[in-house]
Amino acid sequence: MNITDFTAACPIPISQYPQVLMAHGGGGKLMHRLLEDVFGRAFSNPILDTRHDSAQFDVPLGRLAMTTDSYVVRPLFFPGGDIGSMAIHGTVNDLAMSGARPLYLSCGFIIEEGLPMETLWRVVCSMRDAAKKCGVQIITGDTKVVDKGKGDGLFINTTGIGVIEHEQKISPQNVRPGDAVMVSGDLGRHGMAIMAVREGLQFESAIESDSAPVHEAVLQLLKAGIEIHCLRDLTRGGLASALNEIAEAAGVKIAVEQKLIPVREDVHAACEMLGLDPLHVANEGRFVAFIAAKDAARALQIMRANAVPATAVLIGKVVEKFAPLVTIKSELGVSRILDMPSGEQLPRIC
Amino acid sequence: MKFLDEYRDADLAQKFAQEIRRLTTKPWTIMEVCGGQTHAIVKFGIDELLPKQIELIHGPGCPVCVTPLEVIDKALEIAAKPDVIFTSFGDMLRVPGSTTDLLSVKAKGGDVRIVYSPLDAVKLAEENPAKEVVFFGVGFETTAPATAMAVFQAAKKGLKNFSMLVSHVLVPPAIEALMSSPNCRVQAFLAAGHVCTVMGYEEYFQLVKKYRVPIVVTGFEPLDILHGILMVVQQLESGRAEVKNQYSRSVSRAGNQPAQALMKKVFRVVPRKWRGVGEIPQSGLGLAGEYAAFDAEKRFGLADRHVDEPAECIAGLILQGLKKPHECPVFGAKCTPEHPLGATMVSSEGACAAYYRYRRYNAQ
């Protein structure tokens with residue numbers, strides 16, 4: 001979607017200020033207008049519309065899940081998504097990793113002075129649309145404006161609350177030898193989409209971020225009675241970090257096979273060019289599931305019938321107890337360690 | 001992936017491995033020069049497909065690894081200056097100097113930026129006339145043409161705010177230095193395909209003649225490397241020593257002549273210290289007199305310095321094939337990719353880092 005689509009479908013509320021000023025966070029009339037005309041208008045729902053200092057809502061029966069995440073991404077708009085949709089999907093996905101049905105979100109905005117009002121409005125519209133698609137309501141929020149140069153345009157924090165309607169214990173400690181390891185789709189798209197449009201690293205690519213909500217697929221697995229032992233979304237650090245964290249927490253050895261792990265050809269090519277491993281690259285709409293072996297085939301069927309994880313595959317299994325390690329069988333059939341990345345992913349010289 | 005998966009085919013790899021096993025009757029020690037090849041060998045487990053008699057020694061061909069501490073310290077000093085934009089290839093950023101690294105300088109407020117091409121640094125200099133833009137020119141003959149082009153363009157545009165910290169190194173003098181060492185165990189070389197794409201392989205004929213070692217110009221994919229090893233073993237087993245080109249889809253005998261001409265114009269050959277190895281005569285590139293104005297060391301008036309490597313580090317022995325990474329007492333304990341003590345652990349292409357990343361459990 002480009003800017004013209006946005007303004008046509010979603011006109012920015014009339015504002016005499018084309019940019020965010022310090023006064024928009026100052027507690028006076030300007031701030032009031034920003035809250036009413038931008039956030040209040042876009043996110044309107046009965047709980048938010050009461051305009052209390054805190055949101056009040058009924059708690060459904062059962063356990064609750066709660067999570068928080070802050071979103072900083074440059075550029076704010078990237079192929080396949082933007083900071084707004086990512087801030088909804090990311091937190092919804094964190095809730096989904098407990099098997100929770102997401103209900104409510106809070107959102108905090110830290111806005112750098114001078115951010116074009118239209119940019120803010122586009123982000124807010126994107127959040128509204130993403131929240132609607134995920135079936136969650138944004139019921140409370142906060143806005144701060146910081147001096148020019150003290151922020152990177154816009155930072156967003158979202159906290160999510162969801163309800164757990166199942167009786168399963170989904171946690172790394174529940175992973176056991178024999179479990180099937182399943183990824184919900186092809187890997188590395190989000191990280192490479194961002195890298196392709198970063199200043200100084202521009203290369204021609206049509207890679208779009210995989211940013212998407214995954215809770216529907218998880219809820220369907222649970223509804224079908226699939227025995228899920230652990231779920232982990234594959235954000236920063238990619239599959240390699242997630243598997244290592246789980247191997248360590250569960251005290252198990254996990255063995256996966258390179259040739260079973262789906263990576264799109266253009267992502268593979270971009271990674272090769274920059275000297276990166278797609279298994280270390282970030283995703284925003286992918287997760288790994290540890291599933292009781294007896295349910296693996298059925299789980300795969302359910303996942304593949306779903307729009308987001310349509311390309312889910314089984315990539316390996318948990319093989320031993322008490323030896324925290326992740327191994328990967330190379331294309332040539334030789335096994336080696338699959339390690340966590342050392343730090344930030346840096347393109348290689350040659 | 002087209003032009004890639006074909007070179008990772010497991011069945012063909014097994015066929016190459018079988019042929020190598022069939023031919024091998026004696027123990028042979030082969031050095032792959034380039035860090036990219038080391039990385040592929042350990043990542044794909046190529047060495048595990050080979051007969052026990054064939055030992056691969058991981059050569060000094062990782063530009064990040066062999067950049068001396070003194071040069072890294074100079075980079076850190078320049079990058080910390082106000083009004084400087086310091087640009088570098090990505091993997092130089094976490095290489096520690098004697099006290100800190102470029103990522104930490106950035107965290108303290110230094111303007112350190114990753115570029116993918118040295119020409120991006122020239123562009124930055126044009127866009128920021130009030131800043132001094134410095135590019136960290138490291139690498140072998142592979143990256144040298146691009147840095148030469150950056151200096152050439154900056155001169156043509158008359159840029160006064162662009163300079164370069166140059167620490168380029170050359171492969172053939174390093175092979176010569178290894179071969180002339182009394183401890184040398186290397187009996188054949190896989191030469192680095194990308195270096196030869198630029199330089200061709202004319203330079204290797206005299207080395208083959210002088211030291212009677214087979215040299216096979218080799219690519220980087222598993223089948224390339226296995227094919228290169230097969231071509232080397234064929235020579236070793238029949239007592240021949242020749243220059244052969246496995247990577248003919250990229251390398252010609254004369255190489256990329258416009259690139260060589262540009263390098264010759266912008267650079268001159270100088271002695272260079274290699275981290276973990278020591279100084280090798282005529283093994284580096286520095287800016288030629290005509291382009292001396294772009295020398296960052298002169299522009300910022302940096303003094304020469306000498307920094308000692310940690311005594312425990314055995315990188316020099318590893319680069320000569322006298323020790324394997326896991327035979328080092330500090331490997332994986334005091335020395336890790338996060339806290340490297342020496343050359344071969346600092347970049348993912350260094351032998352120690354490759355063993356740490358892919359082989360740790362074998363060593364345990």
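Modeller: Before we start, two strands count as paired if DSSP finds at least two bridges between them. Helices (H or I, at least four residues) and strands (E, at least two) are DSSP runs, numbered from the N terminus. This is a predicted model, where local features need pLDDT of at least 70, side-chain atom pairs count only at pLDDT 80 or more, and totals for chains, interfaces and linings use all residues. Residues are numbered from 1 along each chain as its sequence is written, while chains are lettered from A and ligands numbered from 1 in the order in which they are written.

Colleague: OK. What do strand 10 and strand 11 of chain B form?

Modeller: A hairpin, with three residues between the strands. B:G276 sits in the turn and has a positive phi of about 85°. The two strands pair in the antiparallel sense over seven bridges.

Colleague: Which residue of strand 11 of chain B does B:V269 stand opposite?

Modeller: B:L285. B:H168 also stands opposite B:L285. Strand 6 (residues 162-169) of chain B runs antiparallel to strand 11 (residues 278-287) of chain B, joined by two bridges.

Colleague: Switching to chain A. What domains is it divided into?

Modeller: Domain 1 (3-164) and domain 2 (172-337). Those bounds come from an automatic or database domain assignment. The C-alpha centres of the two domains lie 29 Å apart.

Colleague: How many residues are in contact there?

Modeller: 21 residues of domain 1 of chain A with 22 of domain 2 of chain A. Contact means C-beta atoms, placed from the backbone, within 7 Å.

Colleague: Which helix gives the most on the domain 1 side?

Modeller: Helix 3 of chain A, with nine residues.

Notes: Contact = placed C-beta atoms within 7 Å.
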